Amino acid sequence: MTATVATQARGQARKRAKSWLWTLLALVIIGLMLFPFYEIVNISFMHETDILQYPPPFFPPHPTLDGYRQALSTAVGYIQSSLIYALGTVVITLLVATPAAYALARVRAARIGSLLLFVLILAQMAPGIVVAISLYAMFSHLHLLNSYLAVILADSTIAVPFAIIVMRAFMIGIPQELADAAVVDGAGHWRIFWSIILPLSRTALITASLFSFLFGWGDFLFALILNSNPHHTPITVGIYRFIGGFSVEWPSVMATAVIAAIPATILLTVAQRYIAAGITVGALKE
Amino acid sequence: MAHVVEGAAVKAAAPTLPQVRSWQRRDRLIGLLFLVPAVVYIVVFYVYPILYNILMSFERYTAKSFVTGEAPFIGLGNFRRLVSNPDFTTAVWNTVLFTLGSLFFQFTIGLAIAVFFQRKFPLSGFLRALMLMPWLAPVLVSGAVWVRLFDMDYGTINFVIRSLDVTSQHIAWLTDPHLALISVLIANIWIGIPFNMVILYGGLQDIPGTLYDAAAIDGAGPWEQFSYISWPLLRPVATVVLLLGLVYTVKVFDVIMSITRGGPANVSQTLNTWAYSLSFSILDFGLGAAAGDILMVVVFVFGLLYLRYAYREIREVGQ
C-alpha cells in the first residue's frame, strides 16, 4: 500500500518536472519570437556610440536614459496626436457600431441584416491604399485634410466592421427573456438597448474599444496620406520619419518605439482575455 | 426593401389583431433605425471610396485635378500605361511571392506553435498570450527594429549568420536588390505568426479530447494523432485562416514602407506600395487608382471565397 503511494508520488513528481521542461521549451520559443522587442528595449538604453560596436552588445554597455530624454523632447507632440487619433477612433467606432450591432442581433429583419453584414465584411477588405486615396480626394474637397477628424474618420474604417461583428456576436447570446420582460413593461427598442443590452454587453464593449484604440494608435497609412500638418503627426509617422534619414539615432528611435508599444503591452498584460476573444470572434464568427 | 420587412412582420404575427400587427411593424422599423448610422458610414467611407477609385482609374487624374476639378476620361489609358511600365511585372511578381511566402511560413510556424501549446504546462496561458505581442504592437515599431536587425554592419542577423560560419560576408539585406523583398518577407512572416497561432489554437481546442484518448488507447503516437485527428478536423479553420491571411497579406503596406519603402529602385514594391508611390510620389492618381483596382479584384475574389467558406463551415461546425 505505502509502496504504491510512493511510486505514485514519484510518478507525479516526474510528470511535474516534465511539464516544467515544456515551460522551458516554451520560454525558448518565446525568447526567439520576442527577441526583436528585447532589442528595442536594449538599444533604447544605449549611447549613440554603443550602436557602432561589433559584435552588437546584448546589454547596454553603459546604460543611459539619453535616448528617452531625446525621444520625449521630440515625441510629446506625437504621443498627444496618437492619443487623439486613438480615442477619437474609439468614440466614432462605438457611436456607429453599437446601435448597428444591436439591430443586427436583436431586430428580426434577417435579410437586411445579413446583407449589411456581407457588405461590411467585404468592404473592410478593400485595400487601405484605395480607401485612403479616395478619402484624400474627398477630404480635400471638404477642406478636411490635415484635421484630426479626417484621420479619425479614416481610422474608424478599420475598427467599425470588427466592432460590429464582435458586439453582435455577443448581443445574440443575451437571453431574449430579459428583453421580453421589458417589452411587457412597455419598453421600446431604445430603452431595451440602453438599459438592458448595453449594460449586459460590457465585455463586448470593452473588447471593441480596446481594439479600436489599438487600430487608431497603430495607424500609419491614413495619417501618412491624410495629414501633412507636423503638429498632428502621430507616433507611427514620427518613427517612419526618424528611420528614413541617412544617420539614424537609434537609441532615441528605439525609446520612441518603446513608448509607441506601451498601449499594446498594457493591454496584453491587463486585458488578455478580451484580446484572445476578439481575434477569434473577428476571424471566425459570421 | 420595404416589402421584405412587411412580409416578415405578417408571417410572424399571423392571427392577431391589426393593431398588434401595426405595432410590431412600427417596432421593427424603429429597430431598423439603429442601422442608419452604420449604413451611412458604410456608404460614405467604403462604398463611395471604392467607386471613386474605380472612376479615377479611368481618368487622367493628376495633382492639378484636385485644384481644377478636371480629370478627362481616358478609358483604359491608365491600365495600358500601367501594364507597359517596366515596374509592373516586378510589382505583380513581388505581390505573389510576398503573399504566398508569408502565408506558407506564417501558417506552418503558427500551426507548429499552436500544436505545441495544446499541451498544458505551467504558465502556458500566459506565455501563449505573450506570443501576441508582434501582432499587437504598431507595425512601425516592428519595422523600425527590423531595419536595425537587418543592418549590414551592426545588425544582429548578420552577427548570428557570421557566428555560425554560414558566410563571412556582410549581407546587404536591405540594399541588395535580390534580398530586399526577402527581408520584408521575413519581417512580415514574424508579424503574422501570432494571428495564425491564435486561431489555429482555438480550432485545436474545439476538437474533443476523447478523440485523442481513444487514439492513444489504439496506440497512435503524436504524429498519427496529428495527421489523423487534428489536421482533418482543423481543415475548415485552416481554410478560413489562409483565405483571410491572403486578403490581409495582399494589402500589407506598413511593413514594406517601414523597412524598404519599396526600394532600392522599386525592387521590393508590391502592387500596394507601388499604388502609393504612383499616387503620392509621381502624383499620377489615375495610375495609382488603376493599380488599386487590380488589388481590389484580387482581394474581393478571395474575400468572397472567405465569406462563402466561413459562413458555411461555421454553420456546420456549430451544429
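The following conversation explains some of the terms used to describe this predicted model.

Modeller: Residues are numbered from 1 along each chain as its sequence is written, and chains are lettered from A in the order in which they are written. In this predicted model, local features need pLDDT of at least 70 and side-chain atom pairs count only at pLDDT 80 or more, while totals for chains, interfaces and linings use all residues.

Colleague: Why are α12(A) and α9(B) called roughly antiparallel?

Modeller: Helix α12 (residues 250-270) of chain A and helix α9 (residues 139-149) of chain B pack at an angle of about 150 degrees, with axes 9 Å apart. Helices are DSSP runs of H or I with at least four residues, numbered from the N terminus. Angles over 145 degrees count as roughly antiparallel, under 35 as roughly parallel, 65 to 115 as roughly perpendicular and the rest as oblique. The two helices are therefore roughly antiparallel to each other.

Colleague: How many residues does each chain bring to the contact between the chains?

Modeller: Chain A and chain B each bring 83 residues. On the side of chain A, 66 are nonpolar, 12 polar and five charged.

Colleague: What makes Gln106(B) count as buried?

Modeller: A residue is buried if 20 or more other C-beta atoms lie within 10 Å of its own, exposed if 12 or fewer, and partly exposed in between. Gln106(B) has 24 such neighbours, so it counts as buried. Gln106(B) belongs to helix α6 (residues 86-117) of chain B. Leaving aside neighbours within four places in sequence, Gln106(B) is in contact with Ile189(B), Gly192(B), Ile193(B), Asn196(B) and Gly245(B).

Colleague: Why is helix α12 (residues 209-217) of chain B called hardly covered?

Modeller: Among its nine residues, the count of buried ones is zero. Just after α12(B), Gly219(B) takes a positive phi of about 90 degrees.

Terms used. Axes fitted to C-alpha atoms, helices over the stretch in contact; angles between N-to-C directions. Contact = placed C-beta atoms within 7 Å. Nonpolar A, V, L, I, M, F, W, Y, C, P; charged D, E, K, R; others polar.
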